[in-house]
Amino acid sequence: LPPIFTVAFPVLKQLEQAGYEAYFVGGSIRDLILNRPIHDIDIATSAYPEEVKRLFPKTIDTGIKHGTVTVLNDGASYEITTFRTESGYQDFRRPDHVTFVQNLAEDLKRRDFTINALAMNRAGEVIDLFNGLGDLQKHLIKAVGDPMKRFHEDALRMMRAVRFMSQLNFDLESQTKEAVSDLHQLLSKISVERIRDEFVKMGTGINSRDAFKIFLQTKLSESVPDFAGKSDLLAIYPKLKFNPSMETSLWSIIIILLKISDDQIARFMRDWKNSNAMTEKVRKIVTLFDLISEKSPSDLELFNAGKDVLLNTIDVAHILGQPINSEALVDRYTALPIKSMSELAVDGQFLIANGIKPGPKLGQILNEIKQKVISGELANSKDDIQDYLQQIE
Ligand code: ATP
Ligand code: MG
């Protein structure tokens with residue numbers, strides 16, 4: 001077993017010695033068997049949160065209401081969750097109330113997919129009540145129990161299904177897929193933030209193209225912001241050559257495919273509850289992509305984009321199969337006299353010291369200097385800029 005599990009042994013042991021059951025559960029077992037990187041370890045136990053807190057000196061109340069306590073032990077942290085079922089589903093969303101139960105089987109039953117419903121004890125024995133191991137081997141995403149019932153309980157699971165398809169390069173089991181097709185409209189009950197997080201994971205996973213195909217085919221796409229009625233435009237996505245690995249590339253590609261105009265980008269990104277920072281970056285990428293596609297961007301436009309955005313735009317152009325000379329663009333960027341305002345030889349203070357009065361005019365002059373330096377008309381030196389200032393007075 002990899003060290004990430006073995007270092008957690010003392011935690012399991014302590015719970016067991018206090019008379020409780022404790023297992024590794026969920027994604028970490030799946031990823032262990034698939035030989036994928038394991039990022040976090042979840043533990044399920046029969047102990048109540050208060051009992052977990054009593055047993056370990058350092059804990060954080062992560063989600064006490066849902067039975068989750070984070071235990072800090074030996075420099076590592078573990079989410080320890082009391083065996084529970086989720087009862088009283090309302091509005092097709094995650095339940096507000098959970099019921100603690102005394103056995104592992106009940107806890108595994110409430111999990112979404114068979115491959116996520118595996119547990120492992122301290123001896124390294126896998127507990128597999130729903131043939132999750134078989135589905136791992138068959139590369140299948142299959143709901144635990146009746147998929148219709150499970151998606152009624154929590155509609156987000158439908159997005160999780162296509163997300164795991166993409167990340168793991170798995171197929172969707174046929175009945176599970178049928179249930180998604182039947183119930184896709186329930187997705188509209190789920191908060192946009194949660195849909196977005198799954199959508200981004202789907203869009204940036206290793207097989208996002210096939211997952212996206214199912215996302216369209218099952219009509220899940222009809223129940224997310226701004227995608228309804230747009231399946232013709234989005235159908236290009238699964239035909240793309242590469243797969244966006246960056247979230248900014250994903251959003252840029254979607255915006256380009258949907259032909260969203262510049263003045264509608266902010267609204268689109270807001271509909272998806274994206275941050276302002278993400279929106280700004282994506283807008284810059286889409287703008288530069290348009291410039292690159294039509295003609296060559298000017299030096300000033302390259303400067304305004306910045307290196308990050310330029311490289312990201314090149315990535316987007318490659319994914320979209322847009323023929324561009326990326327080497328020439330990078331060379332031109334590298335040859336820019338300045339890459340940011342802080343590299344300009346003068347600043348506002350310098351202009352004031354040279355007799356320009358503070359005010360809007362000063363900003364204008366500074367901007368002119370910037371543009372002339374970038375275009376090569378004016379050297380980026382204090383002396384040359386001082387001469388220029390005397391000329392314009
Ligand atoms: P990741 O590698 O993305 O973290 P994960 O499988 O750990 O994948 P999480 O969202 O961290 O996914 O959830 C941990 C576990 O909790 C899952 O493996 C699954 O057993 C269960 N789970 C999470 N969300 C749901 C849900 N909406 N419905 C049912 N079970 C869920
Ligand atoms: Mg996880």
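Mentor: The shell of residues around ligand 1 comprises two nonpolar, three polar and six charged residues. In this grouping, Ala, Val, Leu, Ile, Met, Phe, Trp, Tyr, Cys and Pro count as nonpolar, Asp, Glu, Lys and Arg as charged, and the others, Gly among them, as polar. The model is a predicted one, in which local features need pLDDT of at least 70 and side-chain atom pairs count only at pLDDT 80 or more, while totals for chains, interfaces and linings use all residues. Residues are numbered from 1 along each chain as its sequence is written, and chains are lettered from A and ligands numbered from 1 in the order in which they are written.

The shell consists of G26, G27, D42, R111, D112, N116, A117, D154, L156, R157 and R160; a residue is near a molecule if its C-beta atom, placed from the backbone, lies within 6 Å of it. Domain 1 (1-138) and domain 2 (140-239) each supply at least three residues to this shell, the domain bounds being taken from an automatic or database domain assignment. Helix α8 gives the largest share, three residues. Helices are DSSP runs (H or I, at least four residues), numbered from the N terminus.

Axes are lines fitted to C-alpha atoms, for helices over the stretch in contact, and the angles between N-to-C directions run from 0 to 180 degrees. An angle under 35 degrees counts as roughly parallel, over 145 as roughly antiparallel, 65 to 115 as roughly perpendicular, and the rest as oblique. Helix α8 (residues 156-168) and helix α10 (residues 192-203) have axes that come within 8 Å and cross at roughly 15°. The two helices are therefore roughly parallel. Their crossing is left-handed, a term for a near helix turned anticlockwise from the far one by less than a right angle, with right-handed used if the turn is clockwise.

Two residues are in contact if their C-beta atoms, placed from the backbone, lie within 7 Å. On the α8 side, L156, M159, R160, V162, R163, S166 and Q167 meet R194, I195, E198, F199, K201 and M202 of α10. This contact contains six nonpolar, two polar and five charged residues.

Helix α10 leads on to the next domain. The C-alpha centres of domain 2 and domain 3 are 27 Å apart, and 13 residues of domain 2 touch eleven residues of domain 3. On the domain 2 side, α10 and α12 (231-234) are the elements that give two or more residues. Of these, α10 provides the largest share, five residues. That side of domain 2 is made up of seven nonpolar, two polar and four charged residues.

Domain 3 spans 245-336. There, helix α14 (residues 262-271) packs against helix α15 (residues 276-294) at an angle of about 150°, with the axes 10 Å apart. These helices are therefore roughly antiparallel to each other, and their crossing is right-handed. D262, I265, A266 and M269 of α14 meet M278, T279, V282, R283, V286 and T287 of α15. Six nonpolar, two polar and two charged residues form this contact.
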